Amino acid sequence: MYIKDICLEGFKSYATRTVVPGFDPYFNAITGLNGSCKSNILDSICFVLGITNLRQVLASNLQKLVYKQGQAGITKATVSVVFDNSDRSRSPLGYQDCPEITKIRQAEKIRDSAVSGVEQVKTKTADIEESHKRMQVEIQEMETQVSNLTAEKKASLGGEVKVLSENIDALSRELVKQASVLKNQEDTLRSEKENAEKIVTVDLKQRVEGLSKNLEECEKEYQGVLAGKSSGSEEKCLEDQLADAKVAVGRAETELKQLNTKITHREKELKEKTNESISKREEAVSVENELNVRRKDVENIKMALESLTYKDCIMLFRNVLLSWTWCRSFLVNAASRLVGKENTELALSLVGYDEELKSAMEYVFG
């Protein structure tokens, strides 16, 4: 799936409907002089794909994306991107049968909610200004009357002067009263104007921020659903989660096979060690039996020595030496098979004999 064409209307520097066609499936380049609004095309793609950080498209709020911020009579920006979806192997889930996919996003200048409030403030301001004009006219008329009465006072004498003086005093008091009322109304008018500006600015800003936040959340949730996620807050789509689960199952099966192989190998080693232990135990029993026979021979020889003469002893000693030589060879070979040649002497040291035979044993066994 790749971008086929882009349509911009009211977006940044594109006041009228502008179509950017001719995109290549593999490589595209946007060229032009400085200030020819090349980056605005890239910003429009980011915008329609649901970018949340507007600083990346050089805008602090959605109103800045509208042509001249709505001051030229254009109150919304519309961007639509047409994607070529002919390659079904790369289509998003649920859109395999759509040859084209169009994504549209709008940024409207939100001020309709505050128009009625502004109109009311303007009407109230006009009424106050009209009342202010009427008060000024009345004050001028009163000042004229005061001037006329003063002139009449100078021209008249007697009771009329007193009446006129009273009228002048009354008119002066009324003038001061009306002047105070006028001043209060002017202060009220100024305060109302300031409050109206604050209310309009704050209310409009809050509404814009709230609607922008809701729009971003809806876009994020929508993109998550398009990507196959159960919600927009998940990091992986369902297809990726399924692939991860299959990988984990394969890894567990491999580990199970390895463990079974190790168990079989250990069982084989245990069987070999058991057979070897049985063989060595049987050989040790055979050696022990042979030693017992030799011990009995030695006992018989000791008993015979007690009744022998010197000449018989010499002959017997020769035979004993030959027998001990054979015994030593037999014991050495047997010990070598059981414990190894390096431990033969240690094994022979375990053979028991009487203390009077120590010299003979040392001679025979070296």
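Predicted model: local features only at pLDDT ≥ 70, side-chain atom pairs only at ≥ 80, totals over all residues.
1. A quick word on terms before the tour: helices (H or I, at least four residues) and strands (E, at least two) are DSSP runs, numbered from the N terminus. With that in hand, the order of elements in the protein chain, read from the N terminus, is β-β-α-β-β-α-α-α-α-α-α.

2. Now for the chain as a whole. There are 366 residues in the protein chain, and 22% of them are buried. Its accessible surface is about 26200 Å², with carbon and sulfur atoms supplying 54% of that.

3. On contacts across the sequence: take the contacts in the protein chain with a separation of 6 or more, and 59% of them come from residues 24 or more positions apart.

4. Have a look at helix α1, which spans residues 38-48. Its buried residues are Asn40, Ile41, Asp43, Ser44, Ile45, Phe47 and Val48. After α1 comes glycine 50, and its phi is positive, near 95 degrees.

5. Threonine 78 counts as buried because its relative accessibility is 17%, and the cut-off for buried is under 20%.

6. So what does threonine 78 touch, leaving aside its neighbours within four places in sequence? Its contacts are Cys7, Leu8 and Glu9, along with Ile104, Arg105 and Gln106.

Note on methods. Residues numbered from 1 in each chain as written. Heavy atoms only, no water. Buried < 20%, exposed > 50% of the residue type's maximum accessible area, 1.4 Å probe, protein only. Contact = heavy atoms within 4.5 Å. Areas by Shrake-Rupley, 256 points an atom, 1.4 Å probe, with all protein chains shown as cover.
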